[in-house]
Amino acid sequence: MPDFDVVVVGSGMSGGWVAKELCERGFKVCVVERGREIKPETDYTDMVDPWQMEHLNMKGPDTYEDYPIQSEVYAFHSYTKQFWVKDTEHPYEVAPGTRYKWRRGHHLGGRSIMWARQSYRMSEIDFKANAVDGFGTPWPVDYAEMAPWYDHAERFAGVSGDNTDDVEVLPHGGVFQPPHEMTALEKHMKSAIEAKWPTRQMIIGRTANLTQPTEEQLALGRGTCQARDHCFRGCSFGAYFSAVSATLPAAERTGNLTIVTDVAVHKLSHDRATNRVTGIRGVDTKTKAPVEITGRAVFLNASAIPSAMILLNSADADNPKGLANSSGHVGHNLIGHVGGGYANGVYDGLQEFHHYGRRPNGFYIPRYRNHTEPGDGYLRGYGFQGGAHRSGWGGKIDKVGIGADYKARVRKPGRWNIWIGSFGETMPRYENHVRLHETKTDKWGFPIPVMDCRWTDNEINAVAQAAADAHDMVEAAGATVLASNKGKITEAYLSAPGNGIHEMGTIRMGDDPSEAPLNRWNQSHDIPNLFCTDGSFMTSSACQNPSLTYMAFSARAANHAADLLRDGVI
Amino acid sequence: MTRLNLTQANINRRSALTGLLAISASGALAACGQSSAATEAVQEFDVLGYAKPTKFFSGSEMRALGAMADTIIPSTDTPGAVEAGVPDVIQGLASEWGDDNFRQYWREGIRRVYKTLSGETKFLAMSPEEREAVLGAYDAKVYAGEIEDTFYRDMKKTVATAYYMSEPGATQELAYEAVPGEWIGQAPISKYPKTWAT
């Protein structure tokens, strides 16, 4: 008799959804998290005022010693570092001549605690991309199949956005909570861009912050976003979606959830006779004692690199390439997002306007390249995130002057400042992969990963055009460009792969078992009671933020697994 | 919403620090002239090998720093840098946060800029008006590129950052809302005339 109906490896963005859906369907679920438990009352730092921050919240020399990689992330500072791994304890290597930046945290809720909350659907051009241009393997589902699951994800998570938006590449189901208002300059910029380029649109960002909570959200103890923009420190109001604020409490209230923290999963157990996984094996990270947990089915939700590594590390005599890896694709086709094209400018008009509060959101310019406008030397495309605000004190203090005049100048709201930056799709290529290190392990005995991932001309050419577009759009808004990287993009200039924090693709979906480890239900082609719904399953990356897509696929796969469990198929 | 434990701990720690700040701030305001404390402090720390000194800057260095900080950000209709505790925040950075390079950079910088600003009359012995004239002239030359002084600019930025992050700097000089409650994208400047503190 297994310990649980389902063992879920990982408690973050996708694992929380799997647990919620399965618990609500009446199944006993054990979520295994390798990090520590999160206690909002002690782990969240969102109530700290600026003057309570030690040492001006500047990153100290100790930060660079312990967190040389994580501390580069925009969301990392002294009051968020509790949510990022110490790089000294969690090493990885890169193949010679390659770069990779792996950003992550080990704790209940995973990166759903520190995510940027931007929530966009994939569209039909994304689901058709591989089939059309021949890169990767075709997606086994289309947008129509996913639309109701996106509705379900948006409704439960709570996404603020504009229900009147009509953007072909960013469909929605009309279930958004009220949108954030654009600033005066953003409204002007939207008109200017859409007038100059009828092929482009600028919309308010869609963000998983509650602007008008539903009864269901209130019942989970979640409240309205207070416009503090301290989300990366955790939210005591539960106002943004995280596994800790939303999915795990929903799972917990069914009475069917067990959470096990501080257990690192190293392998899946596999029964040769029945060809079923029977559970997980790992270690208690505090005592290093072995841990075994059994279940009728297993969901991998450890994120794209660990999930693939667990399968590779589960190799045995019958499965020398790793479990669920008859295709040989586990760990391969590592994709993500490539950022980098940006522009920043100042605007002297609209002096009569300011803004109130701190919006945890920006604007978004959806992809138009290789859609309504051609791309110059690359496939697929990119979108832009950005914001336009009156500059604060930080931009004014290093200017000439002292005394009362200096104070008066800083006190007066500064010039309008625009920033936009691109986020682009990366191409699925077999050669970009993660593998187990042949000899080195972490201190718990798990092989460390070796990343082997390179940009190609496709990514470089796309960012080069994005940089030029960024420059031109800031200029079109009537602003003076202060900085941009138009004309500067080379491979060396681009930040390392992984820096987009959206690693995915390592256990991809596809109808052809020789090309993809997972079928159209996020279920292993090889082992029917094994599922994976973290970023690993992504057959292509599209260019928009992926979390909402992970949510929708997780809910769909969990309900499919629930049907199979109910019917005794698995 | 009750305050979080961590916040409470910070408040307590900060209250304890504020007590210390009040003492040294008044000390800095009252002080004039230099003492031999700086030399003593250097010797003391050399013996300790800069291992976690509780107070790195000597009394005279703190007085010099305080006088310069209060000239950059004087008290007007709102408190100035010293009243806001700025020198003590910088003392904390040097004593608890930075490494030896940071400490030396600041010690040498404070002494050098102080010396540069002092003629026959030491900067600390000048009236506020004289300090403003001397420091203002130096500041203008630095920002005009006539004098290259990276440390001075670092000091000014740090003083300003500590000031605008302080409670009086954030809540009296600028406008601060810990919990705005809502976002208004397009608001009249007449209703919100001040720069937001964060």
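Which residue follows α1(A), and is its phi positive or negative? The residue is G26(A), and its phi is positive, near 95 degrees. Keep in mind that this is a predicted model.

Helix α1 of chain A runs over residues 15–24. It is mostly covered, with 9 of its 10 residues buried. L22(A) belongs to the largest nonpolar core, which has 113 residues. Along with F241(A) and L268(A), it is among those with the most contacts inside that core. Helix α12 of chain A, residues 547–566, gives the most to this core: 12 residues. There is also a second, separate core of 54 residues. It includes A94(B), Y143(B), V159(B) and A170(B).

Step back to chain A as a whole. Its secondary structure comes to 12 helices and 17 strands. Along the principal axes, its C-alpha trace spans about 80 × 50 × 50 Å. How does its radius of gyration compare with that of a compact globule? For 570 residues, such a globule would have a value near 25 Å; chain A has 23 Å, which agrees. Buried residues make up 64% of the 570 residues. Contacts also reach across the sequence. Of those in chain A with a separation of 6 or more, 72% join residues 24 or more positions apart.

The accessible surface of chain A comes to about 19,200 Å². Carbon and sulfur atoms account for 52% of that surface. Chain A has 59 positive and 67 negative charges, and their mean positions are 4 Å apart.

Finish with one residue, D511(A). Where does it lie? D511(A) is in the loop between β16 (480–484) and β17 (530–532) of chain A. Is it buried or exposed? D511(A) counts as exposed, because its relative accessibility is 52% and the cut-off for exposed is over 50%. Even so, D511(A) has partners: it is in contact with P140(A), R520(A) and H525(A), leaving aside neighbours within four places in sequence. L564(A) is 53 residues away along the chain, and the C-alpha atoms of D511(A) and L564(A) are separated by 19 Å.

Methods. Residues are numbered from 1 along each chain as its sequence is written. Chains are lettered from A and ligands numbered from 1 in the order in which they are written. This is a predicted model: local features need pLDDT of at least 70, side-chain atom pairs count only at pLDDT 80 or more; totals for chains, interfaces and linings use all residues. Side-chain values use heavy atoms; hydrogens and water are left out. A nonpolar core is a set of buried Ala, Val, Leu, Ile, Met, Phe, Trp, Tyr and Cys residues joined through side-chain atoms within 4.5 Å. Buried means under 20% relative accessible area, exposed over 50%, partly exposed in between (1.4 Å probe, protein chains only). Helices (H or I, at least four residues) and strands (E, at least two) are DSSP runs, numbered from the N terminus. The radius of gyration is taken over C-alpha atoms; the globule rule is 2.2 Å times the number of residues to the power 0.38. Contact means heavy atoms within 4.5 Å. Accessible areas come from the Shrake-Rupley method with a 1.4 Å probe; for residues, only the protein chains shown count as cover. Lys and Arg count as positive and Asp and Glu as negative; His and the chain ends are not counted. The place of a charge is taken as NZ of Lys, CZ of Arg, CG of Asp or CD of Glu.
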